[in-house]
Amino acid sequence: MKKKEKLYETLGELLFAVAKADGEIQIEERESLRSLLKHHTWASEIKWSFDYEEARGSSVEETYNKVINFCHGYGPTAEYEEFIDAMKFVAKSSKGISENEEVIISSFSKDLIDRFQRDLDILRK
């Protein structure tokens with residue numbers, strides 16, 4: 001599997017975690033996901049991983065940690081901005097962004113920045 005393909009599968013996992021963060025995936029979140037993916041180059045990879053995590057009954061925490069670990073290994077990339085926009089788009093679709101959804105969205109950037117900074121600190125020693 002190509003690294004970029006896996007990166008976008010990870011976006012599906014991340015969107016699953018955000019949609020599930022408030023306890024259940026709402027119809028509006030599913031509809032916004034469909035809308036988001038309608039013309040996306042990596043739509044099938046994103047949708048496949050979203051559906052896989054849902055079918056598995058994965059927890060939000062387990063899925064989020066898996067995403068962060070992959071992204072940390074992948075390294076910095078401009079696609080993370082797209083990931084944040086996608087999370088906000090899906091989360092807003094059902095009565096706005098809930099507190100639990102906001103935690104995941106804001107933690108994504110912070111967790112990656114913290115990990116990349118630790119890597120830089122190690123390299124500088």
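**Contacts, core and rings**

Visitor: What does I84 touch, not counting residues up to four places away in sequence?

Guide: This is a predicted model. Leaving out residues up to four places away in sequence, I84 touches I105, F108 and S109.

Visitor: Which helix is I84 in? And is I84 buried or exposed?

Guide: I84 lies in helix 5. Its relative accessibility is 17%, so I84 counts as buried, the cut-off being under 20%.

Visitor: How many residues are in the largest nonpolar core?

Guide: That core has 33 residues. Those with the most contacts inside it are L14, L15, Y80, F83, M87, I104 and F108. Two or more residues come from each of helix 1 (3-20), helix 2 (27-37), helix 3 (43-56), helix 4 (60-74), helix 5 (79-92) and helix 6 (99-124).

Visitor: Which helix gives the most?

Guide: Helix 1, with nine residues. As a general point, nonpolar side chains in soluble globular proteins tend to be buried together.

Visitor: New topic. How many aromatic pairs are there?

Guide: The structure holds eight aromatic pairs. One of them is W48 with Y52, which is stacked, at 5.2 Å centre to centre and 10° between the planes.

Visitor: Where do W48 and Y52 sit in relation to each other along helix 3?

Guide: W48 and Y52 are four residues apart in helix 3, so about one helical turn separates them. W48 counts as partly exposed at 48% relative accessibility, and Y52 counts as partly exposed at 38%.

Visitor: And what about Y80 and F108?

Guide: Y80 and F108 form an edge-to-face pair, 5.7 Å centre to centre with 85° between the planes. Y80 lies in helix 5 and F108 in helix 6, so this pair ties together parts that are 28 residues apart in sequence. Both Y80 and F108 are buried.

Visitor: Which residues form one aromatic cluster with Y80 and F108?

Guide: Y8, W42 and F83 form one aromatic cluster with Y80 and F108.

Visitor: Last one. Which ring does the charged end of K3 sit over?

Guide: The charged end of K3 sits over the ring of Y74, 4.9 Å from its centre. The charged end of K6 sits over the ring of F70, at 5.7 Å from the centre of that ring.

Conventions:
Residues numbered from 1 in each chain as written. Predicted model: local features only at pLDDT ≥ 70, side-chain atom pairs only at ≥ 80, totals over all residues. Heavy atoms only, no water. Core = buried A, V, L, I, M, F, W, Y, C linked by side-chain atoms within 4.5 Å. Buried < 20%, exposed > 50% of the residue type's maximum accessible area, 1.4 Å probe, protein only. Phe/Tyr/Trp six-rings, centres within 6.5 Å; stacked < 30°, edge-to-face > 60°. Lys NZ or Arg CZ within 6 Å of the ring centre and 35° of its normal. Contact = heavy atoms within 4.5 Å.
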